[in-house]
Amino acid sequence: MTRDDDGGVSFDPKSWAGDAKPPATDRPTDGEATFDVKSWGGDAASPAPAETVAKAPETASRTVGRPPFLAAAGASALLLIGGGLAAHFTGSAAPAPVVVDSGAPSTRLVAPPPAIVVNASRRTLVVAGPAEVATALAGIGIAPDSAVAAARVAGPALGTAPGEIRLVFDLVGPEDARRLTRLEATRSDGAGVVLVASANGSFAPQIVQAKLVAEVKVVRGEMDATSFYNAAVTAGVNDTLVSEIAKAFSYDFNFATDIKAGDVFEVAFEQKVNPSGEEVGPPTLLYVSLQTAEKSKSLYRFLAPGEAEPGWFDGNGRSTVTALMRTPVDGARITSNFGPRFHPVLHYTRLHGGTDFAAPVGTPVYSAAGGVVVSASPSRCAGNMAIVKHDNGWETRYFHLSRYADGVVAGARVTQGFTIGDVGNTGVCTTGPHLHYEVHIDGQKVDPMSIDTGTGRTLESEALTAFRKERDRIDQSRAGGPMR
């Protein structure tokens with residue numbers, strides 16, 4: 001450090017070369033400069049004259065608190081860091097290293113170039129099945145060998161069953177050299193696998209379990225003048241359930257004669273949904289009720305211990321299954337009853353030995369009771385006809401079928417409610433699609449709508465206890481409570 005010609009202190013940094021440190025002078029009150037670093041608060045490039053420092057606000061000296069050449073270096077470093085961040089976020093190329101001269105010959109700060117980072121992107125695809133995964137990944141720019149490797153690792157978790165696969169994947173790299181870092185492959189129920197790429201490009205699988213929630217939906221409605229099918233679907237019942245609803249009531253109601261417009265029905269069914277709220281799988285019918293002017297019936301679906309198939313029971317645990325189904329076809333209407341009539345094709349009056357149910361071609365026809373198929377062959381008047389002999393000795397006949405169900409051949413054993421064929425319009429004694437249904441007792445034709453079909457069995461002991469628990473669970477959900 002040197003002094004000017006007049007004996008004052010020089011603030012020219014170039015003149016400090018011979019000094020190891022600034023002179024120990026401290027005269028803030030006599031007009032000369034002070035070297036107390038606590039008082040440096042003015043220009044970051046050089047200290048202010050003594051009289052300026054003395055007049056500066058107190059906060060200024062406390063705020064800066066560092067020598068001017070460090071302040072300059074700090075500011076420059078901040079500018080360099082800010083520039084590096086800007087280059088990172090804008091994706092621009094890294095600038096050349098910048099040398100900052102603080103004014104002191106021995107001080108040089110070199111700012112390192114910022115790293116170039118290519119931002120990752122996330123995409124989603126839905127493919128038709130597991131076999132399409134590799135092709136889909138290769139199609140978005142992933143190297144074919146990497147796409148095949150990812151699909152191979154994901155394969156065991158996805159299985160081979162048909163069904164859409166949802167792919168969510170993370171990519172890095174330019175468009176012409178995409179690299180897969182993470183892949184989530186799941187089915188509609190949420191089950192699947194997550195693949196995470198390692199440093200060498202291999203994939204480690206993490207199995208994802210299905211995440212389904214069962215929701216109970218309750219639908220109430222009124223019968224219209226058209227059909228139960230129209231009324232149920234209009235009210236919000238899934239159309240796949242209509243046939244099962246009609247079948248549950250087939251022992252107690254004749255939909256052709258017992259149901260009128262304005263009759264009230266209620267349906268409760270369970271539907272599984274995935275985390276996205278999408279329905280997964282078919283709904284399961286839990287409860288049905290029907291109230292007409294003459295009677296009402298409420299039924300609960302229940303799988304009794306030891307039974308292979310669930311059945312329908314009233315609130316007391318009594319089965320709806322009787323010796324004979326009153327209506328062996330879904331939702332049909334009666335067009336001709338049992339008794340003498342003038343035949344519309346043969347043009348003479350004779351006994352109409354059964355009941356005619358009008359229904360569209362293809363409507364399922366059920367065996368009214370368990371038994372053995374006596375014959376399943378065509379007849380000139382009856383068309384495709386099936387005859388079933390039941391365990392109690394009764395016999396039922398089904399005319400004008402469009403086809404026979406698989407396995408319905410002479411000697412085959414069928415259960416009650418088994419589909420034996422579909423409604424049709426075969427044979428010369430028909431004027432339109434319908435089922436002609438007959439019941440023979442001791443060799444005599446009887447009115448299918450008037451015979452006593454018997455009563456169903458009642459659950460007992462542990463089966464009854466289990467039924468009551470299931471009944472209460474369903475009733476709680478119908479009332480708006482949670483399923484347990």
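In the predicted model, the buried residues of helix 5 are covered by elements that include helix 4 (133-139) together with strand 4 (165-172), strand 5 (179-186), strand 6 (192-197) and strand 7 (203-208). The residues of helix 5 that are buried are Ser146, Ala147, Ala150, Ala151, Ala154 and Leu158. In an α-helix, residues three or four places apart point the same way, because each turn takes 3.6 residues. Helix 5 itself spans residues 144-158, and its 15 residues extend 20 Å from the first C-alpha to the last, close to the expected 21 Å. Gly159 follows helix 5 and adopts a positive phi, near 75°.

Elsewhere in the chain, the largest nonpolar core comprises 30 residues, and the most contacts inside it are made by Leu324, Val365, Tyr398, Leu401, Leu435, Tyr437 and Val439. At least two residues of this core are supplied by each of strand 17 (364-366), strand 19 (383-390), strand 20 (395-404), strand 22 (419-423) and strand 23 (434-441). Strand 23 provides the largest share, with four residues. Another core, of 23 residues, lies apart from this one and includes Met223, Leu241, Ala246 and Phe265.

Over the protein chain, the secondary structure amounts to eight helices and 24 strands. Of the 484 residues, 39% are buried. Among contacts with a separation of 6 or more, 57% join residues 24 or more positions apart.

Notes. Residues are numbered from 1 along each chain as its sequence is written. This is a predicted model: local features need pLDDT of at least 70, side-chain atom pairs count only at pLDDT 80 or more; totals for chains, interfaces and linings use all residues. Side-chain values use heavy atoms; hydrogens and water are left out. A nonpolar core is a set of buried Ala, Val, Leu, Ile, Met, Phe, Trp, Tyr and Cys residues joined through side-chain atoms within 4.5 Å. Buried means under 20% relative accessible area, exposed over 50%, partly exposed in between (1.4 Å probe, protein chains only). The expected span of a helix is 1.5 Å times one less than its number of residues. Contact means heavy atoms within 4.5 Å.
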